[in-house]
Amino acid sequence: MPTPDDTVTEDATLKTQPQQRPFVDLIISIVIPSIILMKFSDDARLGATNALILALAFPIGYGLYEWIANGKRNVMAALGVVSVILTGGIGLLKIDAQWLAIKEAAIPLCIGIGVLVANKLGYPLVRKLLFNPTIMNVDRIQEELDKKNTRPEFESRLDRANTLLAGTFLFSAVMNYFLAKIIVTSESGSSAFNEELGRMTLLSYPVIAIPSMIMMLGIFWFIWRTVNRLTGLTLEDIMVTDKTD
């Protein structure tokens, strides 16, 4: 039974953890910039350059705030900010729009390759994202794996899950490239370019983000089924739940 000190420590930890706000992220990073690019890029309003700067200010500013204020100092967050800055650079410097498609594909492709390389070096990303103590009862799972002598098989299947995770980034890279090539065809720095960029940003959520999330859920299900089969633990035993006592 947890002591009062343990309860206080857990409460303090929960309070210091940044809250997840996916709806706010969606509004600031996708919806607002897309509306600005599509509706305010003509010369009668903000103009192509000013609209692009204003639109990019929202995801860049919000990303930096999350990165600094909430301590989300990780490679993924940094790449997100860099990606937005590169998009702005293509538009503001009027670089050939074909580089936008290459940039859109390069970021997730590099992440996917990084996932595979990190796994070979002994740092599987799937452990940090899915098989970690904040989501799963890792200590109990490992204890049961050792009891049943199934840890080697589990590690092998965890490697497979990591490969599947890299596959989700490959999917994003391919879809990003074709989405950008199909939608953004106008000269960079023009009002039409901004409008197409806004349209691409909006479509990227249902076309790329949602399928990628479904794939991540599939990988989580794969890990859970593996743990269940190799340990006999139920979902309630595996998952970390809040203690109310």
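1. T201 counts as buried, at 18% relative accessibility. That places T201 under the 20% cut-off, so the buried label holds. T201 is found in helix 9. Leaving aside residues up to four places away in sequence, T201 touches S29, I30 and S34. Note that this is a predicted model.

2. Helix 9 deserves a look along its length. Helix 9 still bends, by about 45° at S204. A proline, P206, follows within four residues. Just after helix 9, G232 takes a positive phi of about 80°.

3. Helix 3 also has a kink. It is about 30° and lies at A57, shortly before the proline P59. Helix 3 covers residues 48-69, which makes 22 residues. Its span from first C-alpha to last is 31 Å, close to the 32 Å expected at 1.5 Å a residue. Buried residues in helix 3 include A48, A51, L52, A55 and L56. P59, Y62, G63 and E66 are also among the buried residues of helix 3.

4. Now the fold as a whole. The protein has 10 helices and zero strands. From the N terminus on, the elements run α-α-α-α-α-α-α-α-α-α. Of the 245 residues, 36% count as buried. Among contacts with a separation of 6 or more, 73% join residues 24 or more positions apart. The accessible surface comes to about 14300 Å². Carbon and sulfur atoms hold 64% of that surface.

5. Which residues touch the most other members of the largest nonpolar core? They are V126, F131, I141 and I223, in a core of 25 residues. A second, separate core has 19 residues, including L37, L52, A101 and F193.

6. At 4% relative accessibility, F131 counts as buried. Not counting residues up to four places away in sequence, F131 touches V126, M136, V138 and I141, among others. Its contacts also include Q142, F154, L158 and I223.

7. How many aromatic pairs are there? The count comes to two. In one of them, F131 and F154 form a tilted pair, 5.1 Å centre to centre with 55° between the planes. The pair links distant parts of the chain, 23 residues apart. F131 sits in the loop between helix 6 (125-129) and helix 7 (138-147), while F154 is in helix 8 (residues 151-183). F154 is buried, with a relative accessible area of 2%.

8. The rings of Y177 and F178 have their centres 5.5 Å apart and their planes at 85°, so this pair is edge-to-face.

Methods
Residues numbered from 1 in each chain as written. Predicted model: local features only at pLDDT ≥ 70, side-chain atom pairs only at ≥ 80, totals over all residues. Heavy atoms only, no water. Phe/Tyr/Trp six-rings, centres within 6.5 Å; stacked < 30°, edge-to-face > 60°. Helix = DSSP H or I, 4+ residues; strand = E, 2+ residues; numbered from the N terminus. Buried < 20%, exposed > 50% of the residue type's maximum accessible area, 1.4 Å probe, protein only. Core = buried A, V, L, I, M, F, W, Y, C linked by side-chain atoms within 4.5 Å. Contact = heavy atoms within 4.5 Å. Bend = angle between axes of the 7 residues up to and from the residue. Areas by Shrake-Rupley, 256 points an atom, 1.4 Å probe, with all protein chains shown as cover. Expected span 1.5 Å × (residues − 1).
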